[in-house]
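Me: Please go through the overall architecture of this chain with me, one question at a time.

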Amino acid sequence: MGNRQLHNPPLVCVISGDDAAPEVMRPTVEILRELAPEIRFTEAPCGREAQAQYGTPFPDVTREAIDAADCTLFGASGGPSRPILWYLRWNKETYINVRPVRWIPGYNSPMQHPERIDYVIARDNLEGMYPPREGDVSELAALPSSSSWWMAPPVEKVGAYSIKVSTDEQMQRVANHACELALQRQAAGYPGRVTLGAKYSIQPRTDGRFRTIVKDTVSQHPSLTYQEFLVDDMARRLVASPESLDVVVLGNEHGDILADVSSGTIGGLGLSPSACYGEDYAYFEPVHGSAPDLAGKGIINPTAMLLSGALLLDYLGYNKQARALTSAIEQTYQEGTLLPVDQGGQAGTNEFVRAIRAHLPRHE
């Protein structure tokens, strides 16, 4: 993750997000403060609150807070805070989205054997079909390469196109990070297997090039193994044979879709954390959205936000504290006495957080 230099003590920008997201952000920051009191947290306005106060959902004060921090903890965007998320992603060039996918006993998985699910998705976070680059289909007639396409674009019709962008630099960064993840996991007892999912059969210039770069990069690490599947087959394998997966490499839009499939196999989006890393910056957010239907009800599951907080602790070098938080969450689920509503229980957000707190190490 580059040659990043952290403040001493570290500085984290906190952006609560929209709708129900602040309801899981508040207890998460409280727990992070307890586990690592020296970390400084600065809260920045966003969304509707910022619009009311500053006349914009993304004011300069928030941009300055992001830039001044070592990383950002982001709640979730329901629309108003989306410009902030785009800034964290493309302006800070956080090129890789890492999504751990692991079932914990107590998760309400629909799978018959969820204990087989334990892998990590490494997704391109910058290119592919995001951010949107679209236009009228008639514009494609001006592209010199369009004459060599196997089917000419229907430029005489009314319609639109969307561009998929893949640069060697970005694909190489994704491949490098995936191999780093595989080596780290191998050292912890995992197989050290990198699996690519892409549509290289139909898109040789983009996904085919991605395939070559990932395969060549893995080959530079003798202890790692490589396998590849067309992305539609990859979707099937997430459900049928998750035990065959260790580090899964996906393009931007494919990763966006399949990561939610993966979340579904362990029990839902409320359980899935994510981290987005750049050369010298990172942000952390739960996979779930802002859940406007749950806002104010006090029942949103805080697990994904808390696990994202654990990833943040790891990033800042607080590995022991990250393990303690993850262990407390695991113990709470394994006991099964208090479970969130979306996991078949009746515990509200704060009640569930209190149960997790009871398993955290005591500070004398």
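Me: How far apart are the mean positions of the positive and negative charges of the chain?
Reply: This is a predicted model, and its chain carries 32 positive and 44 negative charges.

Me: Which residue ranges make up domain 1 and domain 2?
Reply: The domain assignment gives two segments for each domain. Domain 2 consists of 109–129 and 164–266. Domain 1 consists of 1–98 and 269–363.

Me: How many residues of domain 2 are in contact with domain 1?
Reply: The C-alpha centres of the two domains lie 25 Å apart. Contact here requires heavy atoms within 4.5 Å. By that criterion, 17 residues of domain 1 touch domain 2, and the number on the domain 2 side is 17.

Me: Why is the chain described as compact as a globular protein of that length?
Reply: The secondary structure amounts to 11 helices and 12 strands. For 364 residues the globule rule gives 21 Å, and the chain is therefore as compact as a globular protein of that length, since its radius of gyration is close to that value, at 21 Å.

Me: What percentage of the residues of the chain count as buried?
Reply: A residue counts as buried under 20% relative accessible area. The accessible surface of the chain is about 16400 Å², with 50% of it belonging to carbon and sulfur atoms. Of the 364 residues, the buried share is 53%.

Me: What share of the contacts with a separation of 6 or more joins residues 24 or more positions apart?
Reply: The count takes in contacts in the chain with a separation of 6 or more. Within that set, residues 24 or more positions apart account for 76%.

Notes: Residues are numbered from 1 along each chain as its sequence is written. This is a predicted model: local features need pLDDT of at least 70, side-chain atom pairs count only at pLDDT 80 or more; totals for chains, interfaces and linings use all residues. Side-chain values use heavy atoms; hydrogens and water are left out. Helices (H or I, at least four residues) and strands (E, at least two) are DSSP runs, numbered from the N terminus. The radius of gyration is taken over C-alpha atoms; the globule rule is 2.2 Å times the number of residues to the power 0.38. Buried means under 20% relative accessible area, exposed over 50%, partly exposed in between (1.4 Å probe, protein chains only). Accessible areas come from the Shrake-Rupley method with a 1.4 Å probe; for residues, only the protein chains shown count as cover. Lys and Arg count as positive and Asp and Glu as negative; His and the chain ends are not counted. The place of a charge is taken as NZ of Lys, CZ of Arg, CG of Asp or CD of Glu. Domain bounds come from an automatic or database domain assignment.
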